[in-house]
Amino acid sequence: MSTISTGSIPDIGTSVAREPGKLTLLPLIALVVGSMIGGGVFNLPRDMSAAASPAAIIIGWIITGVGMLMLALVFQSLAVRKPDLNAGPYAYAKAGFGSFVGFNSAWGYWISAFLGNVAYAVAIFSALSYFAPAFGEGNNIPSIIGASVCLWLIHALVLKGIRQAAFINVVTTLAKLVPLVLFVIVAIIAFNWDKFTLNLWGAARPEDGTAGLGSITDQVKSTMLVTLWVFIGIEGASVYSGRAARRSDVGTATIIGFLGALGIYVLVSLLATGILSQGELAQLKVPSMAGVMEPLVGPWGAALINLGLVVSVGGAFLSWTLLCAEIPYVCGKDGTFPRWFAAENANGSPAHSLWVTNILIQLFLLLTFFSQSAYNFFYFIASVAILPPYVFSGAYALKLAMTGESYERDARSQRRDLVVGAVATLYGLWLVYAAGLSYLLMCAMLFAPGIVVYAIARRERNERVFTGIEIVLAIALALLAVVALWLIWTGAISPL
């Protein structure tokens, strides 16, 4: 997950957003890389190896590389072809598929943002436990108290009008890159090819009592939400198009920056499999990169990784608290959410939106206490929740290419974007499948209350609540939520 996602959120940018003049290729590349590489990379060794062999990890990154590149190109293309749709990815869903689909994309984007913050809080205090063991796995009572104090201190600062986080972004970018580069260098030196290839495909090995990891398809599926998590925020790259010296530089920077981030992710996850076995990696705590680093260079290496994560994700916690409040605020202003969310206090802060968002974050922070693997659970849910805006953005780009809208006398670009949109859409649908029924049903429980919020917003604008197939979609969503509640009640699925 990115440290700061600014694709749709005004006034929460990087330092560049305040600098005069135009951006050339190099700073654009730096911005793209900085926006994509966040806290998730620090736990990739465990997350990718939890249920996957090295070969499955490679296949997973190939699928993700192609799919996410297509999605990046979708956002870049739509930013150019539909400059009037500047309210975020959900605006594309609304323009292409109607108000209810657009609302659910915005709702999912918001859910993903504040649940991502919950995962960040767990990661921060899990890393701090290296220095203060009382914080345990990051979801015990001391950790929840610490995260709650941080949450409400930031809340108070934002209410006072402190909304710019540019200086934080500079510090956190450096903080995360230094330990990442050091880890890659050390891991390359220590990499053991024999250990990497010992059980390349995750097959059962009766001779040494190693259980198999299942089919390659299942192994690859297990990596999909992990790879999605570390790329959340990729839509933010298109925000810089208006600041570019040349429009063509945006696409070039997106591709180069994306490949750079992908390269780091692949190296971090694969090099670890040549240092520790799959079973050893699966047992590491957050951040697992520290657990790989410590046996190579000693305690100082683990301390550096933990400190880097704390500073990096600590800055992200601030930035995403701002982001979480801005999403419903912007939606309230454009009519996607009720007007109540657009209220500001005397300092110009989105007061109502901030209160409801942070109350929800606080509630889910309390729920982390009951989770056996809080960090993974909440980022899995956050990853599933963001799928609607991603899937429908790809589908909207495909729709434009199929109909020829905005492609007058540009047949070559139309053919290219037809392929890009199709692949991005198929990748999004593959992610929905890979997420699994349990997470999809639990997400339905979070989406269902949005039906009421949507109805209120439509009534405020004196518009018909549902049109055509929308009533069918709303009923189906409500029924899925009821099914999820029943399955949780009977113990068939576990919410935590």
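**A buried asparagine and its surroundings**

N117 is buried, with a relative accessible area of 0%; buried means under 20% relative accessible area, exposed means over 50%, and partly exposed covers the range in between, with a 1.4 Å probe and protein chains only. This is a predicted model, in which local features need pLDDT of at least 70 and side-chain atom pairs count only at pLDDT 80 or more, while totals for chains, interfaces and linings use all residues. Residues are numbered from 1 along each chain as its sequence is written, and side-chain values use heavy atoms, with hydrogens and water left out.

N117 is found in helix α5. Helices here are DSSP runs of H or I with at least four residues, strands are runs of E with at least two, and both are numbered from the N terminus. The side chain of N117 makes a polar contact with the side chain of T321, at 3.0 Å. A polar contact is a pair of N or O atoms within 3.5 Å; within protein, one atom must be able to donate a hydrogen and the other to accept it, and residues adjacent in sequence count only if both atoms are side-chain atoms. T321 is also among the residues that N117 touches, along with A316, F317, W320, C324 and I361, not counting residues up to four places away in sequence. Contact, in this sense, means heavy atoms within 4.5 Å.

Helix α5 also holds G102, another buried residue, with a relative accessible area of 0%. Leaving aside neighbours within four places in sequence, G102 is in contact with Y90, A93 and K94. The C-alpha atoms of G102 and P389 lie 7.9 Å apart, although the two residues are 287 apart in sequence.

The chain as a whole has 20 helices and zero strands. Of its 496 residues, 57% count as buried. Among contacts between residues at least 6 apart in sequence, 82% join residues at least 24 apart.

In soluble globular proteins, nonpolar side chains tend to be buried together. A nonpolar core is defined as a set of buried Ala, Val, Leu, Ile, Met, Phe, Trp, Tyr and Cys residues joined through side-chain atoms within 4.5 Å. The largest such core has 146 residues, and of these F231 and Y265 touch the most other members. Its largest share, 19 residues, comes from helix α5 (residues 99–128). Y265 touches F231 itself, as well as M36, I37, G38, V41, L44, W61 and V230, not counting residues up to four places away in sequence.

Helix α12 (residues 288–297) has S288, M289, A290, V292 and M293 as its buried residues. Just after α12, G298 takes a positive phi of about 105°.

Next come the charged side chains. Side chains of opposite charge can pair when their charged atoms come close. With a salt bridge taken as a side-chain nitrogen of Lys or Arg within 4 Å of a carboxyl oxygen of Asp or Glu, the count comes to seven. In one of them, D417 pairs with R416, the closest N and O atoms being 2.9 Å apart. D417 is buried, with a relative accessible area of 6%, whereas R416 is partly exposed at 48%. R81, D410, R416 and D417 are linked in a network of salt bridges. Elsewhere, E463 forms a salt bridge with R458, the closest N and O atoms being 3.0 Å apart, and another with R461 at 3.7 Å, N to O. R458 counts as buried at 12% relative accessibility; E463, at 28%, and R461, at 42%, count as partly exposed.

Two members of the network, R81 and D417, also line the largest cavity. A cavity is a set of points, on a 1 Å grid over the protein atoms alone, where a 1.4 Å probe fits but cannot get out; lining residues have an atom within 4 Å of a point. There are three cavities of 30 Å³ or more, and the largest has a volume of about 50 Å³, where grid points are joined across faces, edges and corners and a volume is the space filled by probe spheres set on the points. Besides R81 and D417, the lining of the largest cavity is made up of V74, S77, L78, A397, L400, Y407, V420 and G421. The elements that give two or more residues to this lining are α3 (54–81), α16 (387–403) and α17 (411–435). The largest share, four residues, comes from α3.

Note on methods: On a 1 Å grid over the protein atoms alone, a cavity is a set of points where a 1.4 Å probe fits but cannot get out, and a pocket is an open set with protein on both sides within 12 Å along at least five of seven lines; lining residues have an atom within 4 Å of a point.
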